[in-house]
Amino acid sequence: MDRKLLTIAIPTYKRCKYAVQNVKFLLPQVLAHQDKVRLIVTDNHSEDGTFEQLTEIAEQNPGVFKFYEQKENIGWMNNFFFGIEHSDSEFVFLLGDDDIVSPNFLDVVIPLLEQGGDRLGMLHFNYIMADDNLSGGRLLYPNLENEQMILNYTDASEFVRKYHKGPSFISSVIFRKSCMLKGKELNLQPDTIDYSWFLCLYTGIVGYEVMFYKMPLCVQRVGGFYPRYCMNYVIGMYNVFKYLDPHMPGVLHFWKEKFAKEHDTIAMCINQIIEYRELYLPYEQLFAEALPSDDLRKLLTVALHWKKFWARKYFRLYWMKNK
């Protein structure tokens, strides 16, 4: 197949409804830009009807939409990178199967990617966080009061220092394929938990430019409570910047400074561990390393090792005292 400017790659697993809806929603945009864009879906052996429905759509749209089905579940990260490696394009957009881009998405991003040229490593754009029905949304970056709708960073490390908490949401970035694969080769680390792709991306864009588009171009379904959120936020993000620091000196210090100011947020995260301690116990040492203060490490010990009744009581007293 001929090489394109952009591949939209959707990894999916057991969410046939969302994946099919997303493909049907995207196809008119892709068809309008089929000389520059291709759409693919990589299904992680769902066995929920995804294969049958998307195979039919792929057969109806040859050369525009390609569907891959794994013969067995290869894990979420391997499925992510499978989509990247099977994208025959300069740039890749990994889109969450349940996240919806704006109707003018390709009309906006294609000129931006072309404008960025050979030095553009990543395009990051604002997005709306909403519930499962795509309602009740709010902007990730709500302040749009600026004459510059497009911000350009000639040094990727400058961007990372300014937005060093994100983009942790993968559906908000379009990246140069070679940058992501370079980052995977240099800095793939398993103890970044669910943010392995994030570390690879930030490592790979070292020396490249980054563009930030301030208008929202996507709606993310946030959904309900995610039991691994605390693990991702505390361990995953800390280790991302720990492993990134040799490539972008100083970013770990920036993260530690910011993280230390989020005491209440971290305390509430640790409180959630009480109900999910079996999930978190194997990561106790990693947590202790990542937490920014001794009192938070004490909270972690309470959450993991005290009887649940007394742990909850301790947290209530701790919260009242600190408020």
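Which residues of helix 7 are buried?

Mentor: The model is predicted, and what follows should be read accordingly. The buried residues of helix 7 are Ser196, Trp197, Phe198, Leu199, Cys200, Leu201, Tyr202, Thr203 and Gly204.

The loop between helix 6 and helix 7 contains Ile193. Ile193 has a positive phi of about 55 degrees, although it is not a glycine. For context, most residues other than glycine have a negative phi. Ile193 has a relative accessible area of 9%, under the 20% limit, and is therefore buried. A second residue of this kind is His45, whose phi is positive at about 60 degrees although it, too, is not a glycine. His45 lies in the loop between strand 2 (37–43) and helix 2. With a relative accessible area of 24%, His45 is partly exposed.

Strand 9 comprises residues 173–176 and is joined to strand 4 by 3 bridges, the two running antiparallel. Strand 4 is also joined to strand 1 (residues 4–12), here by 5 bridges and in a parallel arrangement. Val92 of strand 4 features in both pairings: Thr7 stands opposite Val92, and Val92 stands opposite Phe175 in strand 9. Strand 4 itself, residues 89–94, is mostly covered, with 5 of its 6 residues buried.

In helix 9 (residues 251–260), the buried residues are Val251, Leu252, Trp255 and Phe259. They cover an arc of only 100 degrees around the axis, which puts them on the same side of helix 9. The general principle is that an α-helix has 3.6 residues a turn, so residues three or four places apart point the same way.

Asn61 is placed in the loop between helix 2 (50–60) and strand 3 (65–69). Its relative accessibility is 13%, so Asn61 counts as buried. A polar atom of the Asn61 side chain lies 2.9 Å from the backbone oxygen of Ile57. Leaving aside neighbours within four places in sequence, Asn61 is in contact with Leu27 and Leu31.

These details belong to a protein chain with 14 helices and 10 strands. Its radius of gyration is 21 Å, close to the 20 Å that the globule rule gives for 323 residues, so the chain is as compact as a globular protein of that length. The C-alpha trace spans about 60 × 45 × 40 Å along its principal axes. Buried residues make up 52% of the 323 residues. Of the contacts with a separation of 6 or more, 81% are between residues 24 or more positions apart. The chain exposes about 15,000 Å², of which carbon and sulfur atoms supply 53%.

Definitions and conventions
Residues are numbered from 1 along each chain as its sequence is written. This is a predicted model: local features need pLDDT of at least 70, side-chain atom pairs count only at pLDDT 80 or more; totals for chains, interfaces and linings use all residues. Side-chain values use heavy atoms; hydrogens and water are left out. Helices (H or I, at least four residues) and strands (E, at least two) are DSSP runs, numbered from the N terminus. Buried means under 20% relative accessible area, exposed over 50%, partly exposed in between (1.4 Å probe, protein chains only). A polar contact is a pair of N or O atoms within 3.5 Å; within protein, one must be able to donate a hydrogen and the other to accept it, and residues adjacent in sequence count only if both atoms are side-chain atoms. Contact means heavy atoms within 4.5 Å. Two strands pair if DSSP finds at least two bridges between them. The arc is that of the directions from the helix axis to the C-beta atoms. The radius of gyration is taken over C-alpha atoms; the globule rule is 2.2 Å times the number of residues to the power 0.38. Accessible areas come from the Shrake-Rupley method with a 1.4 Å probe; for residues, only the protein chains shown count as cover.
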